[in-house]
Amino acid sequence: LTAMGEPSMDPSISAADSTAQQDSLFSMMDVFLISLITGLFTYWFFFRKKKEEVPDLPKMQPVAAPVRDSSFIEKMKKTGRNIVVFYGSQTGTAEEFANRLSKDAHRYGLRGMAADPEEYDLSDLSRLSEIDKSLAVFCMATYGEGDPTDNAQDFYDWLQEADADLSGLRFAVFGLGNKTYEHFNAMGKYVDKRLEELGAQRIFELGLGDDDGNLEEDFITWREQFWPAVCEHLGVEATGEESSIRQYELVVHTDVNMNKVYTGEMGRLKSYENQKPPFDAKNPFLAQVTENRKLNEGGERHLMHLELDISNSKIRYESGDHVAVYPANDSSLVNQIGEILGTDLDTVMSLNNLDEESNKKHPFPCPTSYRTALTYYLDITNPPRTNVLYELAQYATDTGEQERLRKMASSAAEGKELYLSWVVEARRNILAILQDMPSLRPPIDHLCELLPRLQARYYSIASSSKVHPNSIHICAVAVEYETKTGRLNKGVATNWLKNKVPEQNGSSSLVPMYVRKSQFRLPFKPSTPVIMIGPGTGIAPFMGFIQERAWLKQQGKEVGETVLYYGCRREHEDYLYREELARFQKEGVLTQLNVAFSRDQAEKVYVQHLLKKNKESIWKLVNEGMAHIYVCGDARNMARDVQNTFYEIVSEFGNMSQPQAVDYVKKLMTKGRYSLDVWS
């Protein structure tokens, strides 16, 4: 204490002054010490007394923990279920497959339930053996670059850390992936492997669905072999019941308060009228379109740049993130479905789950009108899956049409072939099927029950929040093509966006959206060189990257080399952001601009050809400059060709064999120095 209270002495003070000061200091110090000791004693006395006054309570007997709402075991026991089918789903397909499997269970005298892993405590898997003839099935989609879907992230984290004993658990896994991606079915493979490591018993082999091929056929093929394996392991057999079972019952509201009716909201009723942050998939923000301009000068396609105003939304984003938008179906398609089925689309109804214990009370927000459901909630443009055809077949009055539908829904080779050619390859949506099968007139409520949900569409953000904090930019191409039946099919979201008119009041200029975080990020150090490869609309995230590098340069930061490889069809047709890129190059932000025009000469030139042309400088940037590589665009061809080109460059200049070069590039990926933002 004396050391703490000791003042620093000024050497210029005389000895006499110093002695006088010391006398007064000691008297002050005495007072201070006495006060401090008194205070400490008082504090100790009172607090000690309080502590002594706490009565010594008798020890309580341990009480069983209350049943948590998140226990799927308790729910299964309560409702007499044996099979739980968990789904990791980003676009709704895995959830759809899980529902189909849980519905199948009744054919074997079992009862199934589909479950969202986000809603339950998965550590309860160790208790599943408490239920007789029990089984856990996992329909797991892989998202992005080998990542779990949003709703399976917690389950994935738990699996990584868990040391649970799952020796009593029987399981099977069906993975949903896409072979054009580097980490094909990574999530399905991981869940299958990890459950076995934790002692669980695999009763049927891992299914690997490929969305680049025919995911539906992959699922059906796996499923038809899966159920016999279940019968063998659980000692059950098929009951022969193949009848259609409705999951929801229709309630028509004749006298309803329209303020209680959903008009397109994703979650909370009236959330579009009364917007409250935070904004996410269940609570999107209604952003005003402030700019919508055509980017290309010619050609048949429509390439566009849109700007969404996010002022006052508290939405934050980083360059490289994705913006998700909820589109609406074309009103003419909706009207035609209503006309064919002879339905008043403005009828207000609810579809209520017949299973009162289910967490999913309705297939989409209810009560609502058929028009709203078909416009905002249901996917009416993709070819329907076989289970939809199977359920609809009963409503075809023509025996030939009914047999055709049943055949396409069967697992027979001939049926699979027919489904592939007549539905998938011909791109027949539900309207086209109704048009081409005049006797097929199902009740509209059953059709609404069967159709999958309309999903949000993701776009790479084409702006930097450093430059545009209150605006999100989108770069997209309107999808439009003719099918084998001569019909004109249009992409739902891109054509809906194309018709968004800026500065016009009302819904015509509003876009429900939210931001999804991405791992596609600029290097932490601005001085690190970047090599960006993005043909077509793949340039989108790089517009944000370049804007950000320009901003950093303006802030006086040292910015490394910024190299862009861009590709389009023709220089005077679809060279996107031409003026902006020229300006960035002139300002010295874009140090290299390499553009491949694929159709301006006899031989096609793509971005990978330009990479080969500059291979020596690329190797120097990667090997010596520690550059980060970014690839955005088509996964099926471009991304693979670019990756193969990097293998060649590394092999040649790094004096490595092909396997060593592949390993080198894979290590760049692991270190976050080779990033992909691709789609198929």
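**Rings, a helix face and one arginine**

Arg371 touches Val334, Asn335, Leu345 and Asp346, leaving aside residues up to four places away in sequence. The model is a predicted one.

Reader: Okay, where does Arg371 sit?
Author: Arg371 is part of helix H9, residues 370-377.

Reader: And why does Arg371 count as partly exposed?
Author: The relative accessibility of Arg371 is 30%. Buried would need under 20% and exposed over 50%, so at 30% Arg371 counts as partly exposed.

Reader: What makes the link between the side chains of Arg371 and Asn335 a polar contact?
Author: The two side chains come to 2.8 Å, and the cut-off for a pair of N or O atoms is within 3.5 Å.

Reader: On to the rings. Why is the pair of Phe97 and Phe174 called edge-to-face?
Author: A ring pair is described by how far apart the centres are and by the angle of the planes. There are 28 aromatic pairs by this rule. For Phe97 and Phe174 the centres are 6.0 Å apart and the planes stand at 65°. Pairing asks for centres within 6.5 Å, and edge-to-face for planes over 60 degrees apart, so this pair is edge-to-face.

Reader: What makes that a link between distant parts of the chain?
Author: Phe97 belongs to helix H4 (residues 93-104) and Phe174 to strand S5 (residues 170-177), 77 residues apart. Both Phe97 and Phe174 are buried. They also belong to a cluster joined by ring pairs, along with Tyr108, Phe204, Phe219, Trp222, Phe226 and Trp227.

Reader: How do you know that Arg406 lies over the face of Tyr390?
Author: Arg406 is 5.9 Å from the ring centre of Tyr390, and the distance cut-off is within 6 Å, with a direction within 35 degrees of the ring normal. Likewise, the charged end of Arg583 sits over the ring of Phe584, at 5.1 Å from its centre.

Reader: Last one: why do you say that the buried residues of H5 line one face of the helix?
Author: In H5, residues 153-161, the buried ones are Phe155, Trp158 and Leu159. Looking down the axis of H5, they fall within an arc of 100°, so they line one face. Strand S3 (135-143) and helix H6 (186-197) are among what covers them. The face of H5 turned away from the buried side carries Asp154 and Glu161, which are exposed.

Technical notes:
Residues are numbered from 1 along each chain as its sequence is written. This is a predicted model: local features need pLDDT of at least 70, side-chain atom pairs count only at pLDDT 80 or more; totals for chains, interfaces and linings use all residues. Side-chain values use heavy atoms; hydrogens and water are left out. Rings of Phe, Tyr and Trp (its six-membered ring) pair if their centres lie within 6.5 Å; planes under 30 degrees apart count as stacked, over 60 as edge-to-face and the rest as tilted. Helices (H or I, at least four residues) and strands (E, at least two) are DSSP runs, numbered from the N terminus. Buried means under 20% relative accessible area, exposed over 50%, partly exposed in between (1.4 Å probe, protein chains only). The arc is that of the directions from the helix axis to the C-beta atoms. Contact means heavy atoms within 4.5 Å. A polar contact is a pair of N or O atoms within 3.5 Å; within protein, one must be able to donate a hydrogen and the other to accept it, and residues adjacent in sequence count only if both atoms are side-chain atoms.
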